Amino acid sequence: MENGGKLNIYNSLSRTREVFEPLNPPHVGLYVCGPTVYGEAHLGHARPAVTFDLLFRYLSHLGYKVRYVRNITDVGHLESDADEGEDKILKKARLEQIEPMEVVQHYSNLYHKNMEQLNVLPPSIEPQASGHIIEQQQLVEKILENGYAYERNGSVYFDVMKYHSKYNYGKLSGRVLEDLIANTRELEGQQEKRNSVDFALWKRAEPAHLMRWPSKWGEGFPGWHLECSAMSTKYLGEVFDIHGGGIDLLFPHHECEIAQSVAASGKDAVRYWMHNNMVTINGQKMGKSLHNFITLNELFEGRHDLLERPYHPMIIRFFMLQANYRSTIDFSNEALQAAEKGFDRLMNAVETIKKIEPAETSSWDAGEFIQNCYTAMNDDLNTPVVISHLFEATRFINSAAEGKDTITADDLARLKEHFRMFIFDILGLQQKEGRHGELDEKLINTILQIRQEAKERKDFETADKIRDELQKLGVEVRDVKGGFEWDIK
RNA sequence: GGUCGCGUGGCCGAGUGGCUAGGCAGGGGUCUGCAAAACCUCGUACGGCGGUUCGAAUCCGCCCGCGACCUCCA
């Protein structure tokens with residue numbers, strides 16, 4: 001019972017917290033909507049990546065065998081709901097005069113690099129939409145056979161009204177179909193559809209369109225909701241446990257995925273829907289179309305007008321984990337710098353814990369600490385509360401290291417193990433790697449040794465000068481009993 | 001306009017009927033040659049107005065403000 005009961009997760013479908021029970025324990029199928037690789041990854045991409053990395057890590061920690069599928073969208077998303085827009089990838093490729101797949105490769109590589117910097121584990125399978133055209137065509141055929149789609153001029157559309165007559169279109173997003181129809185704007189290219197709410201499963205390619213594949217309906221490309229349905233079915237089965245993604249995908253993307261799956265197999269594919277909330281900047285959603293986004297590279301390097309300085313990827317990860325994944329999180333220099341100090345404090349405690357000498361008795365309850373962390377994690381991944389318990393442990397660790405608190409050898413071993421486990425294995429944090437080499441270290445130690453000797457001569461003028469000069473270079477010196485410690489900030 | 005959500009101390013951010021998370025910043029103190037770090041300590045907040053209740057930041061109603069989705073979006 002050390003893990004504090006069962007994992008509860010908030011299911012967007014029921015709008016309540018539910019106990020998580022996998023379909024086929026100990027296996028868990030997890031599918032998350034990945035990036036569209038036609039631009040650099042920005043802060044917004046980091047949120048779902050970190051959120052579901054946390055889930056992946058925690059489920060694995062609990063002993064589940066997780067197959068985590070996160071797709072790469074490299075084809076098929078259209079520019080407008082009129083279905084007349086160019087394929088996004090294609091548009092960018094023309095702009096830069098290179099091959100579409102070259103754009104895909106370039107930004108996929110960048111994405112992977114950023115994810116590694118954030119210590120986001122690679123998924124078990126990372127399928128690309130362009131590699132699953134046949135599966136998507138088969139899905140279209142199945143929906144056609146079942147009578148929930150129709151063909152028009154080489155395109156195939158999903159018949160939402162027909163679907164809704166038997167099932168419930170809108171159950172995930174709470175949309176009312178009649179309202180949707182009444183509120184739909186009149187747009188070009190709607191003539192082919194029976195109804196404005198219908199969406200493309202397969203889209204005819206115009207002559208200039210480069211990304212195209214042959215099909216029984218003519219040359220074209222898959223509709224923009226189809227890949228997730230096709231690929232999740234292929235790798236996780238017709239019914240699987242968890243589907244995650246940004247809350248902005250809830251409608252229409254995930255609503256349409258539900259409709260596609262039900263129309264194809266008669267079954268609801270997803271048992272638990274999970275949605276992370278948005279990242280905002282100055283209170284407004286960060287987005288490509290709003291032109292207010294900060295890319296991860298800009299953030300890590302400090303290259304952006306809104307940034308006072310660079311922020312280490314671990315600060316970004318820690319900052320995100322200080323808010324619940326279902327809340328919006330607002331970025332500011334002040335907030336990031338506060339997170340950085342807190343993060344450093346936590347990391348220092350990881351070192352300090354090694355210095356604690358065991359005692360006969362414990363003045364602190366290590367078991368309660370561990371229990372509290374698990375309870376918070378099980379409460380819909382409540383990482384802010386987990387972190388608050390880690391800080392409480394930090395205070396104890398610092399105090400015990402100074403001999404003001406005591407802990408038995410047994411408790412100390414448990415504390416050490418779990419403190420590190422929650423920080424590194426579950427929250428996925430890691431020490432900021434020192435930006436200094438062996439030579440730097442030796443030089444600094446040599447200089448500080450000289451300072452130490454000056455101090456012993458009571459030559460405080462020299463000692464202070466050395467400390468001030470090192471401070472200017474970013475080396476923080478701390479005097480401890482009979483010696484010194486330092487860190488590069 | 002429709003649907004959904006939010007408004008917590010200087011800032012960030014948990015909590016969701018009684019037991020006043022946590023971090024950052026700030027005040028005071030201990031330690032220190034002085035600092036830094038660490039530790040101790042202080043600050044009693046929940047948009048407004050009503051209502052339910054013995055008791056509400058937490059439930060209900062209305063109002064105000066903000067945001068998301070309804071169009072590509074993480």
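Chain A is divided into three parts: domain 1 (8–276), domain 2 (280–426) and domain 3 (438–488). The model is a predicted one. The C-alpha centres of domain 2 and domain 3 lie 29 Å apart.

Start with a sheet. Strands of a sheet pair through backbone hydrogen bonds, either parallel or antiparallel. Here, an open sheet has three strands in the order 12-11-13, and its pairing is mixed. Strand 12 (284–285) and strand 13 (329–331) stand at the edges. Each has a single partner strand, so one side of each is left without a neighbour in the sheet. Strand 11 (residues 279–281) pairs with strand 13 in the parallel sense, over three bridges. Within this pair, T280 stands opposite D330 in strand 13. A helix joins the picture too. Helix 10 (residues 313–321) packs on the sheet and touches strand 11 and strand 13. The direction of helix 10 makes about 145 degrees with that of strand 13.

Now turn to a pair of helices. Two packed helices are described by the angle between their axes and the distance between the axes. Take helix 12 (residues 366–378) and helix 14 (residues 409–426). Their axes come within 9 Å and cross at roughly 20 degrees. Angles under 35 degrees count as roughly parallel. Helix 12 and helix 14 are therefore roughly parallel to each other. Their crossing is left-handed.

Which residues of the two helices make the contact? Helix 12 contributes A366, G367, F369, I370, C373, Y374 and M377. Helix 14 contributes D411, R414, L415, H418, F419, M421, F422 and I426. By class, the contact has 11 nonpolar, two polar and two charged residues.

Conventions:
Residues are numbered from 1 along each chain as its sequence is written. Chains are lettered from A and ligands numbered from 1 in the order in which they are written. This is a predicted model: local features need pLDDT of at least 70, side-chain atom pairs count only at pLDDT 80 or more; totals for chains, interfaces and linings use all residues. Side-chain values use heavy atoms; hydrogens and water are left out. Two strands pair if DSSP finds at least two bridges between them. Helices (H or I, at least four residues) and strands (E, at least two) are DSSP runs, numbered from the N terminus. Contact means heavy atoms within 4.5 Å. Axes are lines fitted to C-alpha atoms, for helices over the stretch in contact, and angles run from 0 to 180 degrees between N-to-C directions. Domain bounds come from an automatic or database domain assignment. Angles under 35 degrees count as roughly parallel, over 145 as roughly antiparallel, 65 to 115 as roughly perpendicular and the rest as oblique. A crossing is left-handed if the near helix is turned anticlockwise from the far one by less than a right angle, and right-handed if clockwise. Ala, Val, Leu, Ile, Met, Phe, Trp, Tyr, Cys and Pro count as nonpolar, Asp, Glu, Lys and Arg as charged, and the others, Gly among them, as polar.
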